[in-house]
Amino acid sequence: KDKKKDKKKDKKEDKKEDKKEDKKEEDDFFEPEPELESPKIEEKKDEESINYFHNSKEYKWLSTYNVGEPFKYNSIEYPSVENAFHAQKISDDDPRKEEYQMLFSTNNEPILSAKEAKKMSNKEFFEQNNFTLRDDWNTIQFSFMKEISKEYYLSNKEFLIKLIETGEKKLLHTGIGIDKYWGIHKGEGENYHGKILMELREELK
């Protein structure tokens, strides 16, 4: 009798072990493929694109906020692309056009930072100071940005070389406070600033 009990006990134990093995194999089968977490995919993505904005650790020099050597646009000297860009918002018919543009130049004391320049060129500032905004700004701003960026890089060969050295990588203007026109926000946007830089990279190399 004891032998029979032992045999039954052994069979039960064997069945339990078999079930455990089957369950383990089943769990192993449904585990996610490790390739989905593979760092190689991330590395490939990094090789294909560069994300940048004015607070980027490595690529903030691609931003319009970057201050290099002063450069001239339409005979006025500016400290950054951002400053020069916002200086163009005033109407050509405004009799105080030069006064407005000088506020953003290196002749202003103290020289405005890029952040201050952006803030000072808003609609409220125009209304408070009786300046007239260009009525074609929305359609012409892309051209201004490209022309100004080109002058900036021609005057800053160090950054032009760095731009050319980005090769064929996509330049994606994305980060905190970036809008969908000039960059990419939450995965969506026109990335026009990135496109301008990629065009200049090709034209100036």
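Reply: Start with the lining. In this predicted model, the largest cavity is lined by W61, L62, S63, T64, V81, S149, Y152, Y153, H193 and L197. By class, the lining holds 6 nonpolar and 4 polar residues, with no charged ones. The volume is about 40 Å³. A search of the whole structure finds 1 cavity of 30 Å³ or more.

Now the elements behind that lining. Helix 7 (137-155) and helix 9 (192-204) each supply at least two of the lining residues. Helix 7 gives the most, with 3 residues.

Helix 9 comes next. It has 13 residues, which should span 18 Å at 1.5 Å a residue; the end C-alpha atoms lie 18 Å apart, which agrees. H193, G194, I196, L197, L200, R201 and L204 are buried in helix 9. Seen down the helix axis, these buried residues fall within an arc of 160°, so they line one face of helix 9. The buried residues of helix 9 pack against strand 1 (49-52), helix 7, helix 8 (157-164) and strand 4 (170-173).

Helix 7 also leads on to an open space. The largest pocket holds about 340 Å³. Of the 18 residues that line this pocket, E82, K118, H173, D179 and W182 are the closest to its centre. Helix 3 and helix 7 each supply at least two residues of the pocket lining. Here the largest share comes from helix 3, with 3 residues. The pocket lining divides into 6 nonpolar, 8 polar and 4 charged residues. The lining of the largest cavity, by contrast, has no charged residues.

Finally, look at the backbone in the loops. Most residues other than glycine have a negative phi, and most peptide bonds are trans.

One is N130, in the loop between helix 6 (123-128) and helix 7. N130 is not a glycine, yet its phi is positive, near 60°. The residue is exposed, with a relative accessible area of 61%.

Another is K186, in the loop between strand 4 and helix 9. K186 has a positive phi of about 55°, again without being a glycine. K186 is exposed, at a relative accessible area of 77%.

From E109 to P110 the bond is cis, with omega near 0°. P110 sits in the loop between helix 4 (97-102) and helix 5 (114-120).

To draw this together: helix 7 supplies residues to the lining of the largest cavity and to that of the largest pocket.

Conventions
Residues numbered from 1 in each chain as written. Predicted model: local features only at pLDDT ≥ 70, side-chain atom pairs only at ≥ 80, totals over all residues. Heavy atoms only, no water. 1 Å grid on protein atoms, 1.4 Å probe; cavity = no way out; pocket = protein on both sides within 12 Å on 5 of 7 lines; lining within 4 Å. Points joined across faces, edges and corners; volume = space filled by probe spheres on them. Helix = DSSP H or I, 4+ residues; strand = E, 2+ residues; numbered from the N terminus. Nonpolar A, V, L, I, M, F, W, Y, C, P; charged D, E, K, R; others polar. Expected span 1.5 Å × (residues − 1). Buried < 20%, exposed > 50% of the residue type's maximum accessible area, 1.4 Å probe, protein only. Arc of directions from axis to C-beta. Contact = heavy atoms within 4.5 Å.
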